[in-house]
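I am opening a notebook on this structure. The entries below record what I looked up.

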Amino acid sequence: MNNQRIVVTGGAGFIGSHLCEALVEQGNEVVVIDTLLRGNKIPKHIFKEVEFHQVDVTDEESVAKISKGADMIFHFAAILGVDIVADNPIETMEIEVNGMQSVAHAATVNQIDKIVYASTSGVYGHLALEKSVDEDILVDPCTSYAMAKRYNEIYLASLHDEKGIQSSAIRFFNVYGLRQDNRMVIPRFFEQAMINDPITVYGSGDQTRDFTNVKDAVKATILLSEKVHGMEIFNVANERESTIGELADVIKSMTNSTSEIHHIDAPKKRYDYEVGRRYGSSAKLERFTGYKPNTNLQDGLVAIHDSLRN
Ligand SMILES: NC(=O)c1ccc[n+]([C@@H]2O[C@H](COP(=O)([O-])OP(=O)(O)OC[C@H]3O[C@@H](n4cnc5c(N)ncnc54)[C@H](O)[C@@H]3O)[C@@H](O)[C@H]2O)c1
């Protein structure tokens, strides 16, 4: 994709910043809408190339004005992080629902017929306990964050039926990589290990996640944006399960840390959120794009360690 004018909401965030980087490098005109709630993660040399607006995505009028003339909107702005969502369920839902409303309005008034939306594997909820999940199983969102994401997927389907706006909703599975902050488990373990503090694992550490490298997530996102047709939902998963206990061990040994591994009870507010097992199938992504994430977790962790050491 090149020579497109593309709006990225949440573009200053972790995944958004990698997405902006890739879109700029491909020769697109990138317009970022972000409140900078989590700082600005866009590398300086890329930031110089983007049109940046410090605007709240729920500000319908501003988002419509900024999006004028755009070919496509990537909607990635959100409140996330398990503890943050647990403490702020209403704000989380408001930004999801009103943010999507605002993006839909901007698309409608500016005749932009393509939206790519960052949904979440969290919509599978506890159903992900049983097996690797594909997009066809019934979903069971059990947090404000996952419920709002699912609501938006349904809203996008009706937007297609009623207004012809096409979209892809991407259910990301635990994205990790450079520039992620310690709301998420991998940067938190690195931070603890590198100062030889205890590495804190919730519970037994036997719970699993499917860690998807951000470079792969962005590659999949851009390929899907080139194939937007109707309204489709896609998993973006690495298709490998790792336990959180193994992750702690690997990071401890990679960093030559003297940290002890402490198994602690998860805060009570996390109970509804914690699923014992979650990994996904990217078969549909592969069918549509010929690609599926393939970065090995160990290689992804080495890259993070190298960047933290330099
Ligand atoms: N990181 C993951 O593992 C993961 C997994 C599933 C889904 N997602 C989804 O991918 C998207 C990006 O996630 P991320 O990991 O980059 O998170 P992030 O927190 O790093 O990025 C989100 C960005 O949205 C911005 N933002 C928040 N509220 C806003 C508002 N009201 N108006 C404008 N900007 C606002 C923040 O400032 C931030 O830059 C989110 O929609 C998230 O729900 C992420």
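I began with helix H1, residues 14–25, in what is a predicted model. I counted twelve residues in H1, and the distance from its first C-alpha to its last is 17 Å. That is close to the 16 Å expected at 1.5 Å a residue.

Next I checked how covered H1 is. Ten of its twelve residues are buried, so I noted the helix as mostly covered. I listed the buried residues of H1: Phe14, Ile15, Gly16, Ser17, His18, Leu19, Cys20, Glu21, Leu23 and Val24. Just after H1 I found Gly27, which takes a positive phi of about 90°.

I then turned to the strands. Strand E11 covers residues 231–236, and five of its six residues are buried, so I put E11 down as largely enclosed by the rest of the structure. I looked up its pairing with strand E6, residues 166–172: the two run in the parallel sense and are joined over six bridges. For Arg171, I found that the bridge partner in E11 is Asn235.

Domains came next. I noted domain 1 as 5–176 + 212–239 + 280–294, and domain 2 as 185–207 + 241–277 + 300–309. Taken over C-alpha atoms, the centres of domain 1 and domain 2 are separated by 27 Å.

My last entry is on a helix pair. Helix H7 (residues 185–194) packs with helix H9 (residues 244–254) at an angle of about 40°. I noted their axes as 9 Å apart. H7 and H9 are therefore oblique to each other. The crossing of H7 past H9 is right-handed.

Technical notes:
Residues numbered from 1 in each chain as written. Predicted model: local features only at pLDDT ≥ 70, side-chain atom pairs only at ≥ 80, totals over all residues. Buried ≥ 20, exposed ≤ 12 C-beta atoms within 10 Å, placed from the backbone. Helix = DSSP H or I, 4+ residues; strand = E, 2+ residues; numbered from the N terminus. Pairing = 2+ DSSP bridges. Expected span 1.5 Å × (residues − 1). Domains from an automatic or database assignment. Axes fitted to C-alpha atoms, helices over the stretch in contact; angles between N-to-C directions. Parallel < 35°, antiparallel > 145°, perpendicular 65-115°, else oblique. Left-handed = near helix turned anticlockwise from the far one by under 90°.
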